Protein chains: 2
Amino acid sequence: MRKDINISEVAKKAGVSIATVSRVFNNSGPVKESTRKAIQKIIEETGYLPNVLARELAEKRTNLVGMIVHNLSGEGMSRAIEGVNRVLDSNSYSLLMTCSNGSLESERKHFELLRLKRVDGIIFATRSFKEEHKDMIEKLPVPVVVMLQNTENAGVPFVAFANTAFAKGATQKLIELGHREVAFLGGPEDSVNANERKRGFIEALEDAGIAVEEDFICHGNYHIESGYEQMKTILKRKKIFTAVVAVNDGMAIGALNCLQDHDVKVPEEVSVLGLDDTVLAKASRLKLSGVHYSYNDLGFEAAQMLLKQMQSEVYDFEKKVLPYEIHLRESVQARTHYKN
Amino acid sequence: MRKDINISEVAKKAGVSIATVSRVFNNSGPVKESTRKAIQKIIEETGYLPNVLARELAEKRTNLVGMIVHNLSGEGMSRAIEGVNRVLDSNSYSLLMTCSNGSLESERKHFELLRLKRVDGIIFATRSFKEEHKDMIEKLPVPVVVMLQNTENAGVPFVAFANTAFAKGATQKLIELGHREVAFLGGPEDSVNANERKRGFIEALEDAGIAVEEDFICHGNYHIESGYEQMKTILKRKKIFTAVVAVNDGMAIGALNCLQDHDVKVPEEVSVLGLDDTVLAKASRLKLSGVHYSYNDLGFEAAQMLLKQMQSEVYDFEKKVLPYEIHLRESVQARTHYKN
DNA sequence: TAATAGAATGTAAAGCTTTACATTTAGCGC
DNA sequence: GCGCTAAATGTAAAGCTTTACATTCTATTA
């Protein structure tokens, strides 16, 4: 298409050197007022825009932040990206987005791509953080902030949710309400986040001196159908329970539907709580209880932390665990005498 | 961090010129086998990676595709981005993502940013396509594909859903089932997509010779609460209707909850259909009827089209309207005699 | 053996900016 | 009017690659 005008053409038209034009454009040095005016006029007339590639080459920075995400399904990650974008936008950075689909090999490829593209920093959202990831990160010439995983042990900066803490807190609320036989619908057994939540659940029981029954613990895949199935499995065991904690809203909704289909009254007979607060929580007529935490803030904080690291010479360890709120709604009530 | 090695250092070590190294690295010219081997060895030893910035400067292309999206809430857009990513990934392009938050001014800013960043093409997802957008696009030196809006009139290439068609089709299904008093819960009045769906609804009625009653048409904001409110408004009018078409799943779920709360039996008394098929459709015990269309495909097709445009010299108009499927599930049944 | 085609390799320009350093200009005090 | 300082401007290198064109081989054919 139409040929771009470059700095030397502007300089020629203005009868000055390119250095002076550069100084005017970037306001990076003393220029006589009359010269400045003249150059600005030419810039405007010609619509001159510097070639960012050349500039980046000279400056050795791209004002680009890379982001590696396993996938985008689920509303959480999108919100996080919005949060990231908000920060980058107001700091003149742009976002290079990639989906890794979770495999280690693919993640390695994406780290290399971002390195090649010379991004100035990387936000890395992974399902589970491995030793190999640490190696990848250490090889990079730019800072990396991990999102959604607690990488304290690895010494890698991160922003994450307090999975164990809020799972424990929510379970404790149920215990406070008199529940002692509580079932847990967990996530995939190899998911770090799901296991952290499960741990919180177990800790709450243990702290209260309640024995943890394996019969009350199941694992699913986060989906509604899976919640339904796992709930059914537990129901079949015919052991009495008065509350269910689900690792996320999908499983909670599945459980809710399953209970209702089996004529178990919620919340009169069984309370249901999802460790989540997505749009699904609002979908059922019976308002689902859950834990609220902001993915938007997650992204926001991660981007903030990254920019900070990018500005400092040394990438020192830093961490941020986000706050949460437990919302008890219609799906939870105090334990009443259980009618068998 | 550690200094990168550049092509001339590799050349020096190998005792050849940089041109030869470039030829080996890019496999872009004849090189004697022994020389090639030697250079490849040095490349491996030194871990040489070309400076992409310099390369892009020389090649005048960035292998970058920009994407402007109003926002990322809702699962649709994320899926679309995944689809885009899938195509770009396998074609060695990367994605520069920006959220415009919908304002025209912001969109203009983002177009400029992408132009500055010298992306090779742009995918533009907007809520409503205006004359100004066309101007912005025509000024750009790279092709643009619009996503989610039918821009046939403007002559701008696009990939979109057949809003009017599937809304009409779904409504016709209801009519075939004997429904004649059908309510419509629409989206925001300034949303092009929402209005296209409304038009399809109206066309179906008109084609069947059914008068369109304003009392049966409401507008909301896509959310569950809004669907609930609008449904209530219509219920209050005390006119008999036997089916409801909602502009999306959120409104449909809201309507469903509202009807049930008012002791209206679904589907026995009123059928409910959402012009959507998100995760929400699976959340209720009563399986919601709807229209299925794939956002992932939307992104996929948009990216494909863009790449094609990028490869051809002239950017000729092209369009793609995606297929859809109407799924009648539990929430819809044939009209039976209406008990008053 | 010389000519010649074709392969292999090298040279240098083009792509465009930033910036350290060099040079020139202007202004001020004496 | 001279000298000095500070401001204004210019020069050229550095950042690194690709590639058109030039040159130098190598091998084949006459």
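## Contacts with DNA strand C

A polar contact is a pair of N or O atoms within 3.5 Å. In this predicted model, a phosphate oxygen of DNA strand C lies 2.6 Å from an N or O atom in the side chain of A:Tyr48. From chain B, a polar backbone atom of B:Ser17 is 2.7 Å from a phosphate oxygen of DNA strand C.

In total, 27 residues surround DNA strand C, and the closest are A:Ile7, A:Ser22, A:Tyr48, B:Ser17 and B:Thr35. At least two residues of the surface near DNA strand C come from each of α2 and α4 of chain A and α2 and α4 of chain B. By class, the residues of this surface comprise 14 nonpolar, eight polar and five charged. Sugar or phosphate accounts for 64% of the atoms of DNA strand C within 4 Å of the protein, and bases for the rest.

## Contacts with DNA strand D

DNA strand D is surrounded by 26 residues, of which the closest are A:Ser17, A:Thr35, B:Ile7, B:Ser22 and B:Tyr48. The side chain of A:Thr35 has an N or O atom 2.5 Å from a phosphate oxygen of DNA strand D.

The surface near DNA strand D receives at least two residues from each of four helices: α2 (18–26) and α4 (52–59) of chain A, and α2 (18–26) and α4 (52–59) of chain B. Its residues divide into 13 nonpolar, eight polar and five charged. Of the atoms of DNA strand D within 4 Å of the protein, 66% are of sugar or phosphate, the rest being of bases.

A:Arg36 is located in helix α3 (residues 33–46) of chain A. The residue is buried but has no salt bridge, and the nearest side chain of opposite charge, that of A:Glu33, is 4.1 Å away. A salt bridge requires a side-chain nitrogen of Lys or Arg within 4 Å of a carboxyl oxygen of Asp or Glu.

A polar contact of 3.2 Å links the side chain of A:Arg36 to the side chain of A:Asn27. With neighbours within four places in sequence left aside, the residues in contact with A:Arg36 are A:Arg23, A:Val24, A:Asn27, A:Gly29 and A:Val31.

## Salt bridges

Over all chains, the count of salt bridges comes to 34. One of them pairs A:Arg335 with A:Glu181, with the closest N and O atoms 2.9 Å apart. This pair links distant parts of the chain, 154 residues apart: A:Arg335 is in the segment after β12 (325–327) of chain A, and A:Glu181 is in the loop between α8 (163–176) and β6 (182–186). A:Arg335 is partly exposed, at a relative accessible area of 30%, and A:Glu181 is partly exposed at 25%.

Within helix α9 (residues 192–207) of chain A, A:Arg199 and A:Glu203 are four residues apart, about one turn of the helix. Their salt bridge has its closest N and O atoms 3.7 Å apart. The relative accessible area is 43% for A:Arg199 and 23% for A:Glu203. In chain B, the side chains of B:Glu105 and B:Arg108 form a salt bridge with an N to O distance of 3.4 Å. These two residues are separated by about one helical turn, because they are three residues apart in helix α6 of chain B. Salt bridges that share partners also join A:Lys168, A:Arg199, A:Glu203 and A:Asp207 into one network.

## Backbone features

A cis peptide bond runs from A:Val266 to A:Pro267, with omega near 5°. A:Pro267 belongs to the loop between α11 (249–261) and β9 (271–274) of chain A. In chain B, the peptide bond joining B:Val266 and B:Pro267 is cis, with omega about 5°, and B:Pro267 lies in the loop between α11 (249–261) and β9 (271–274) of that chain.

Positive phi values occur in two non-glycine residues of chain B, B:Lys60 at about 60° and B:Arg118 near 60°. B:Lys60 is in the loop between α4 and β1 (64–69) and is exposed, with a relative accessible area of 75%. B:Arg118 is in the loop between α6 (104–116) and β3 (121–125) of chain B and is partly exposed, with a relative accessible area of 22%.

Note on methods. Residues numbered from 1 in each chain as written. Chains lettered and ligands numbered in written order. Predicted model: local features only at pLDDT ≥ 70, side-chain atom pairs only at ≥ 80, totals over all residues. Heavy atoms only, no water. Near = heavy atom within 4 Å. Polar contact = N/O pair within 3.5 Å; in protein donor to acceptor, adjacent residues only side chain to side chain. Nonpolar A, V, L, I, M, F, W, Y, C, P; charged D, E, K, R; others polar. Buried < 20%, exposed > 50% of the residue type's maximum accessible area, 1.4 Å probe, protein only. Lys, Arg positive; Asp, Glu negative; His and termini not counted. Contact = heavy atoms within 4.5 Å.
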